[in-house]
Amino acid sequence: MAPADSDASYRTRLEGRAELLDQARGRYRELLPKVTAFRWRQQLAGAAALVRAVREAQDAVDEAVAMAERRARAEGWRPDSEVVKSLREVKTLRRALLAAVHRRLKAHAGLTLGEALRRLEQRLVTEPRLVLPGRRWEVAEEVLPPALPELGPALALGRVAEALFATPPVEAAALPTPAELARLEAAWAPGTAALAALWQRLMALDLAGTLVRFLRSHARARPDRAPKSGPEQLLFAEHWRGVAVARLDQALDALLSPVRPREAERFPLLRWLARRPLGTEARLEAEASLGEGRVGLFELALALQHGKARAPGEWEPLLVRARRADLARDEPDWTALHQRLSALATVLRAPTPERLPPLYRARTRMAPTPPPPRPSPLAADSLEGLVEELRRLSSPHQT
C-alpha cells in the first residue's frame, strides 16, 4: 500500500483533478509563448483550438487548483512532491498568462482567466482578415459557433417561415391565416434583427467580402437537411426569410398594385387583409408606420382590384378613400394610382362607335370620331376628382 505522503496517494485524494492540472500545465506552456510573441495575432490565428480548449476547461482548472491548495495545506503535503510542484507551476503559468492576455486586450485587471480568454477568442475570431477560398466554410464555422445567441431567434424565424411557405401557393394573392400571421410576426422582428447582426459579424472580419458573397449565394438554395452548424443555421434562416418576403410581397402586390408597401407597412397591411374575410369593409387604421394618406392609397387600390359593377351607393365610400389618399399627393404611389385611374377614365371617355357594315361593304367608309370630352379641372390633380369623374362616366355604363 502506498504511503500517505506519496504522489500516488495525493493523486488519489484529488479524485482525478491532478490529471486535469497536468493537462492545464501543458496547455499553458504551449499558449503563453504565443500570447507574448511579437506577432501574437499571427501566432494565435493558427491556435484557435488551443485557446478554446484552455477557455472551456478553465473553470474546472480553477476549482481543481483551489481544492488541491486546501488539501495540501490541511494535510501538510510534501513541497517536493510532483503533485505540489505541478500545482505551483499551474498557478505561476496561470498568473503569467492572465497578465499577458490583459495586455493584449488592453483590459483592466479583474477579469478571470476564463473571461479574459473568452474576450481574446472573440477578438481573434472577428479580427478583419482576408479569407482564402479554401477556408471559407472553416472560417464561417469559427465565427458562427452553434452556441452564438443570435442564432436562436434567427433559426426560430426560419422554422416558422418554412412551415408556412414550404409548399407553392394556390394563387398569387394567397395570405396566411390570422393565427399563422401572428406566429410569423412574433418571430419576425427578433429573427430579422438577429440575422442582421450575424451578417454584420461576418462583414466585420471579411476584408474582401468573399466570405459574405459565398454564404449569400448558398442561401438562395433550398436547404436539403436540418441545420446543425452555425453557418447552416444562418443559411437556413436567411433562405426561408427570403422566401417569406417574396411570397408575402407577391400577395400584397396582387391585391394592392400599383401601390407598393414599404417594409414597415408589411405586417399592418397583412393583418388588415387577413381580417377582410370576416368583414369585407374592415377599415385599415392609421398607425406609426402607416399615415392617413398611405391608408387611403391602400384602401382605394384594394377597392379598384374588384373590377365589379358599382351600385350608386357604393361610390361614396370610394370618394372617402380617395380624399384620404390625396393626403399622400407627394408620393410616387399617389402618382401611380393617379395614372391608373386616369387610364380608366380615358377608356370610359372614349365614344362608343356606331355599328358599321362589314369591311368589304364599307370599303373606305370611316366611322366619325368625335373629340373626347375634356376632363374636369378637379380630375386632373386629385384622386377624389378622378373617382368623381368615373362615377359620372359610368352612369350609362358600369365600371
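How many Å should the 28 residues of helix 4 span? Let's work it out. This is a predicted model. Helix 4 covers residues 48-75. At 1.5 Å a residue, helix 4 should span 40 Å. The end C-alpha atoms of helix 4 are 39 Å apart, which agrees.

Now look along helix 4. At Gln58, helix 4 bends by about 50°. Gln58 is also one of the buried residues of helix 4. Others among them are Leu50, Val51, Val54, Ala57, Val61 and Val65. What do the buried residues of helix 4 pack against? Their partners are helix 1 (7-13), helix 2 (17-36), helix 3 (40-45), helix 5 (82-105) and helix 6 (113-125). Just after helix 4 comes Gly76, with a positive phi of about 65°.

Take helix 6 next. Gly114 lies there. Is Gly114 buried or exposed? Gly114 has a relative accessible area of 14%, and buried means under 20%, so Gly114 is buried. Leave aside neighbours within four places in sequence, and Gly114 is in contact with Arg55 and Gln58. Gly114 and Ala57 are 57 residues apart in sequence, yet 8.3 Å apart in space, C-alpha to C-alpha.

Last, helix 2 and helix 5. They pack at an angle of about 30°, with their axes 9 Å apart. That makes helix 2 roughly parallel to helix 5. The crossing is left-handed. Which residues meet? From helix 2, they include Leu21, Tyr28, Leu32 and Val35. From helix 5, they include Leu87, Val90, Leu93 and Leu97.

Notes
Residues are numbered from 1 along each chain as its sequence is written. This is a predicted model: local features need pLDDT of at least 70, side-chain atom pairs count only at pLDDT 80 or more; totals for chains, interfaces and linings use all residues. Side-chain values use heavy atoms; hydrogens and water are left out. Helices (H or I, at least four residues) and strands (E, at least two) are DSSP runs, numbered from the N terminus. The expected span of a helix is 1.5 Å times one less than its number of residues. The bend at a residue is the angle between axes fitted to the seven residues ending there and the seven starting there. Buried means under 20% relative accessible area, exposed over 50%, partly exposed in between (1.4 Å probe, protein chains only). Contact means heavy atoms within 4.5 Å. Axes are lines fitted to C-alpha atoms, for helices over the stretch in contact, and angles run from 0 to 180 degrees between N-to-C directions. Angles under 35 degrees count as roughly parallel, over 145 as roughly antiparallel, 65 to 115 as roughly perpendicular and the rest as oblique. A crossing is left-handed if the near helix is turned anticlockwise from the far one by less than a right angle, and right-handed if clockwise.
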